[in-house]
Amino acid sequence: MPDAVSPDHDFASRYANFLCAAHRSFPAARTRLPRPWELTEHRSSRKPWRPVLDAALRQSPRPDGVILEFGVFKGDSIRRLARRKPHSVIHGFDSFRGFPDDARKDWSQDFSLPSLPVVPANVTLHAGFFEDTVPPFIAQWDEAPPPIALVHIDCDIFSSTHTVLSALGPHLRTDDIIVFDELMNYTEFATNEFLALYLMLDRLGLDFEWAVAWGKAYPLVESEGRMLDVAFDGYRAAGYFQNQAIRLCKRRSGGHFDASLAPQPLIDRLSRDLASPVLLSALGMAPAAALKSRGREGGERRFRPAARR
Ligand SMILES: C[S@@+](CC[C@H](N)C(=O)[O-])C[C@H]1O[C@@H](n2cnc3c(N)ncnc32)[C@H](O)[C@@H]1O
């Protein structure tokens, strides 16, 4: 039974230490967004991704490179990127049918659309699940990967983020910037995009620096990982934002992979939280058969998506 498999406690410990180090390095990188009125406006749940995307674009070391967005839905963020970069090549990936069924029980939201969104001419949309669209798209690059200006990850769930970063990661270079729509500062962040980022960095032997560190980082060490039991807007009202951007960098001593800060209760909690079929499979610890079921399972919704944007 996959649910009975325990994740490697050593993995949970290494990951917990990485998370604590990442939260500790956040305040020093804190980003002063250039339009303070925007920060005030976005302290509520309204459109918090806008200033982060804009700030990340300004930071890009390869501003004329390709822009990749994973999670397009009705096209709000990709149209903004296209307005900001009208001469750039922009690719948007989405099933336009919602999430794949990855047996995750705590998140379900209908993102299916009757037709593709209308986007500017410099945007190409790739309709289909990432596992079908991203590898063939990237296979075209094997000869010469293009410079990448920005990667925007807004696909909400671990498995989708992991699929994208597994395929894309080997083609990224140091200094590339990835914007995450739901990286941190919510109850279940540690088993979502942050985990996919950690797995990619671990595989590639890289680390990251904060490119856009907006607001505050929820104090993981002090709280021993006990997050607030509130929805996104509760975190945002307290100055904790989910949208952040990172810059890939070489691993060096004193980096996020070197820390030993994690309190035992956080390690124990992560060890338990990582014991789901999808996560265990990503960690190479569950039989693939555990993931074969394609019918979406119901279950308690703890992620509270209603107030997410
Ligand atoms: C929050 S929405 C994206 C919002 C969008 N960036 C905007 O500006 O409104 C998340 C999207 O990710 C897509 N998605 C999630 N996982 C996917 C996968 N594995 N393959 C394809 N699309 C996926 C969903 O279909 C959904 O449209």
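In what sense do strands β5 and β7 pair, antiparallel or parallel, and over how many bridges? Strand β5 (residues 177–180) pairs with β7 in the antiparallel sense, over 4 bridges; two strands are taken to pair if DSSP finds at least two bridges between them. The model is predicted: local features need pLDDT of at least 70 and side-chain atom pairs count only at pLDDT 80 or more, while totals for chains, interfaces and linings use all residues. Residues are numbered from 1 along each chain as its sequence is written.

The protein has 11 helices and 7 strands. Helices (H or I, at least four residues) and strands (E, at least two) are DSSP runs, numbered from the N terminus. Of the 309 residues in the protein, 41% are buried. A residue is buried if 20 or more other C-beta atoms lie within 10 Å of its own, exposed if 12 or fewer, and partly exposed in between, with C-beta atoms placed from the backbone.

Strand β7 (residues 244–250) is mostly covered, as 5 of its 7 residues are buried.

Residue I177 lies in strand β5. I177 counts as buried because 25 other C-beta atoms lie within 10 Å. Neighbours within four places in sequence aside, I177 is in contact with A56, Q59, S60, L150, A211, A245 and R247; contact requires C-beta atoms, placed from the backbone, within 7 Å. I177 and Q59 are 118 residues apart in sequence, yet their C-alpha atoms are 8.1 Å apart in space.

In helix α5 (residues 130–139), the buried residues include F130, T133 and V134. These residues lie on the same side of α5, because they cover an arc of only 90° around the axis; the arc is that of the directions from the helix axis to the C-beta atoms. P136 and A139, on the other side of α5, are exposed. The buried residues of α5 pack against β1 (66–70), β2 (90–94), β3 (123–127) and α6.

The shell around the ligand was also examined. Of the 20 residues around the ligand, G71, F73, D76, S77 and S160 come nearest; a residue is near a molecule if its C-beta atom, placed from the backbone, lies within 6 Å of it. Helices α4 (76–84) and α6 (158–168) each supply at least two residues of this shell.

How values were computed:
Two residues are in contact if their C-beta atoms, placed from the backbone, lie within 7 Å.
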